[in-house]
Amino acid sequence: MQIDFRDVLKDRHRWALQHKQMGGLVMGCYSAMLPEELMWSCGVLPVQFLMSPGPYYGESLSYLPPYVCDCSRSMLEDYMNGTYGYLDGLMFSHVCETVRGLAGICSVRWPDSFVRIFTAPAGNDPGARRYLKAELLSLAKELEHMGGVALSEERLQAAISVYNENRGLVSELYRVRGQNPGAVEPAQVLSAVMASSIMPKDQHNRMMREFLKTIRKGPDVSGTRIILSGLLFENEVVLGSELFSILKACHALVVWDDLASGMRYRLEPVDNSRRVNPLDRLTEDLLGPQPAPLRSPAERKAGQMLEAARTYGAEGFIFLIPKYCDPILFDLPTLTRILKEKDFPTLSLEISGSLLEGALRTRVEAFMEMLSASAGDSIRA
Amino acid sequence: MNNKEIAQVRKSYTKGYYARIRKAKEEGRPVAYTTALGPTELLYAMGVEVCMPENYVTICCAKQMAKGFCEEAEERSISRDLCSYARCGLGMMYAKDGPMGALPEPDFIVGAVSACDPHAKWWELEARHYHVPLFLMDAPYTLHGEVKPHDEAWMISELKRLAAFVEEHTGRPFVEEDFRERVRLSGEAHATFAEIQELRKRIPAPRGMREMVGDLFYLITQAGRRESVDYYRMVLEETRERVGRGEGVVDEEKIRLYFHNIPLWFNLQTLDWLAAQGAVVAMDFYTNHVWHGFFFDGGRFDSGDPFKNLARKWLFFDNHVGLPVKLSRSLRSAREWGCQGAIFFSNRSCKVYSIGQPEQMRVLEEELGIRSFTFEAEMADPRSFSMDRWKERVDLFLESLAAAER
């Protein structure tokens, strides 16, 4: 049976509820760079919040100022309205200042709930390493205290292995898509990664293996190859973003992405050498520099984007910038400058709420026409 | 010495401070740009002159030059949604200008990825522009203010890592005795500052936020130097004398307020206007919770280990603690300083201090019966603020407080 990951996302809570029915715990997670392997090894299923762009934010409006991103609003709204009522706790990844504020609001609003901020250091020095390892051990104790399984080397090793397999399968998906973008729709690729973040990895691995069989021999298509960067709201992907239909109409082929729920979802494997303690390996993997723009210099990201462009023959970049996302906004001038210096045109689209078709179409069409004509300039919308 | 004379001392010292930075550059001594968090104690101990573009932005604002520099940055694709400190600072960098001319170029930069998003990324842009090494301080974030041994150990390790970085890039060795003395002086300055803050509990308040935000200059830029201790002793003496005379900083104190967030640097006259209405800001978040948080919470530099002391100061910056701690600090501030109302400035340039304000307002009302007024603006961009409209709304708020008191 053909796997459609968008259908998986439409039933997004099913996997978490099944895990609970089997006696497991479920942790609501906000953003990447969280020790999901450790949580899983302790019997806790990490489930990433999937974001909707609104505009139907109700109660959360009185808690957050107007100048924060839609991601944080969506998370708070869904938590407040009970959509995620089954969660046993919340874990926030320290990827920006808004996330910290959000964690604070949740810890005050629900003082009896398990709410934590996890900081994966930006550096990679001995002090950061010692801190992170101690923090992981402290977290494991807390998870055990809330009803999880005690941390053990064997369980952690097993969790790392299944997560690494998942990363390998997703990376393979990216590779196949990059080499032959006609083999799979961009929405399916993103849906596949998002689906991975809401279900046990071993189940996702089974789905991925089946999915990859169906797409390896995709049709050859011609078009202009582009890379997407930034953030695309999950609901946009599931319900069918106007962006993808416009890109298709313009014969744009997405060959790679650097989206928050795409390649930035920690796809580098944990070193699985059996000579080193798995906790030490996980610690090493979580240390900086990291995919999140706050904890990584813009040049590093530019380097990764250029490498992907060279590998997959990309001709231009489209940045999807969530309004009020400071880390991305600070990086954008540097990224576009570096890409332009290497003759890659860029288009920057500020997104707030749903991507409006009319405004989007004009800008994207103009950009794609320019790419086709190989003008080499950057457009900011 | 009276308040006006103290203000003159400070003004003169501030000019001298910027002249000192220029002199250091001319004489080939290392100059570091840092965020407002420093750590000045460590850098001064190693013979590095500390320059804080953020402080320069406040002078820019006072001289009504911020708008131009913000626009300069925006013309170079720095988003208007970003922090106005960063936009103004970057604008000065691009324009090679400032309220007292351009700042000397740095030899290295110390950012702080833990403090806020701009304090990580703004400094990346500056380091790239000047082609100088960048050191990013990191730190734990303690949601409930519970510092675990490994949190403190990492903070100490970060300070030592910075010392090694400075040695590497300046050739100047780290000498523990020099550092110990700088931290001791910083502790003494903070302890004296805490005494001044305590005196603001008196009725009438002998010193208000207007005066304290000027005083804060020493704690931010000169912590670790003898001058900061001398200045605060002078202020403490003047404040005690006022208390002895029963003299408030406001002619006729009618209402005591708690102010939350950074002041409007381009319009400190908002505080003067409040004073003219008989409303004194007897207590404020900015001069108590940000740099001074550890001391406000009752901490002192008493561990005997300068690294441990400085680490604790860093761990309890307001930027590094979560809303539960911020709530309890605001509650204590309003309660112990006898505040009858609160002004919460919702600062579009600072999510760190602004997110969570509704919870703080709610708690002040529920637990202390204190009502709050809130307004939205940016601390270093005047384009988002209307003084007339602000006065109208605050006037109504003050009337409602006065009516409640009757």
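B:Asp388 has its place in helix H18 (residues 387-405) of chain B, where helices are DSSP runs of H or I with at least four residues, strands are runs of E with at least two, and both are numbered from the N terminus. This is a predicted model, in which local features need pLDDT of at least 70 and side-chain atom pairs count only at pLDDT 80 or more, while totals for chains, interfaces and linings use all residues. Residues are numbered from 1 along each chain as its sequence is written, chains are lettered from A and ligands numbered from 1 in the order in which they are written, and side-chain values use heavy atoms, with hydrogens and water left out.

**Charge at the surface and in a buried strand**

With a relative accessible area of 56%, B:Asp388 is exposed (exposed means over 50%, buried under 20% and partly exposed in between, with a 1.4 Å probe and protein chains only). Together with B:Glu392, B:Asp395 and B:Glu399, B:Asp388 forms a patch of negative charge on the surface; such patches are made of residues with over 30% relative accessible area and no salt bridge, like charges being joined within 9 Å, and a salt bridge is a side-chain nitrogen of Lys or Arg within 4 Å of a carboxyl oxygen of Asp or Glu.

In chain A, A:Asp258 lies in strand S6 (residues 252-259) and is buried, with a relative accessible area of 4%. Its side chain makes a polar contact with the side chain of A:Lys301 at 3.1 Å (a polar contact is a pair of N or O atoms within 3.5 Å, and within protein one must be able to donate a hydrogen and the other to accept it).

**Backbone geometry in chain B**

The bond from B:Gly38 to B:Pro39 is cis, with omega near 10 degrees, and B:Pro39 sits in the loop between strand S1 (31-34) and helix H2 (40-45). A cis peptide bond also joins B:Ile203 and B:Pro204, with omega about 0 degrees, and B:Pro204 is found in the loop between helix H8 (176-199) and helix H9 (209-221).

Methods: Patch = residues over 30% accessible without salt bridge, like charges linked within 9 Å, V, L, I, M, F, W, Y side chains within 5 Å. Areas by Shrake-Rupley, 256 points an atom, 1.4 Å probe, with all protein chains shown as cover. Lys, Arg positive; Asp, Glu negative; His and termini not counted. Charge placed at Lys NZ, Arg CZ, Asp CG, Glu CD.
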